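Student: Could you take me through one spot in this model up close, and then zoom out to the whole chain?

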Amino acid sequence: MTQDTVMQLASQMLWVTILIAAPLLLSALAVGLLVGMFQAATQINEMTLSFIPKLGILVVALFVFGPWMLSNIVDFTQQLYSSIPSIIG
């Protein structure tokens, strides 16, 4: 196994990880920012007020982006399994 092959595999793995994590992280970030602005404007400092909307948007984001995320994982795994003979030698 060459160093170049390992680096390409690691790079592709990190890229797939970023693509899979991005929809959930960005949706939670957006809702957290909106709730934070609402809390700052109304001076309500209730912890559950920020937790419940984030949890809800994460569930919605999983339903919306879940099939796309799963297909990315399956494609990467199939590509990884098919490249095992060339990685081994």
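Tutor: Leaving aside residues up to four places away in sequence, Ser 27 touches Ile 57, Leu 58 and Ala 61, where a contact means heavy atoms within 4.5 Å. Ser 27 sits in helix H1 and is buried, at a relative accessible area of 15% (buried is under 20%, exposed over 50%, partly exposed in between, with a 1.4 Å probe and protein chains only). Before going on, bear in mind that this is a predicted model, where local features need pLDDT of at least 70 and side-chain atom pairs count only at pLDDT 80 or more, while totals for chains, interfaces and linings use all residues. Numbering starts from 1 along each chain as its sequence is written, and side-chain values use heavy atoms, with hydrogens and water left out.

Now the helix pair. The axes of H1 (residues 3-42) and H2 (residues 47-82) come within 10 Å and cross at roughly 170 degrees. That makes H1 roughly antiparallel to H2 (the label for angles over 145 degrees; under 35 is roughly parallel, 65 to 115 roughly perpendicular, the rest oblique). Helices here are DSSP runs of H or I with at least four residues, and strands are E runs of at least two.

Zooming out, the protein chain has 3 helices and 0 strands. Its radius of gyration is 19 Å, well over the 12 Å from the globule rule for 89 residues, so the chain is more spread out than a compact globule (the radius is taken over C-alpha atoms, and the rule is 2.2 Å times the number of residues to the power 0.38). The C-alpha atoms fill a box of roughly 65 × 25 × 15 Å along the principal axes, and 18% of the 89 residues count as buried.

Definitions and conventions: Axes are lines fitted to C-alpha atoms, for helices over the stretch in contact, and angles run from 0 to 180 degrees between N-to-C directions.
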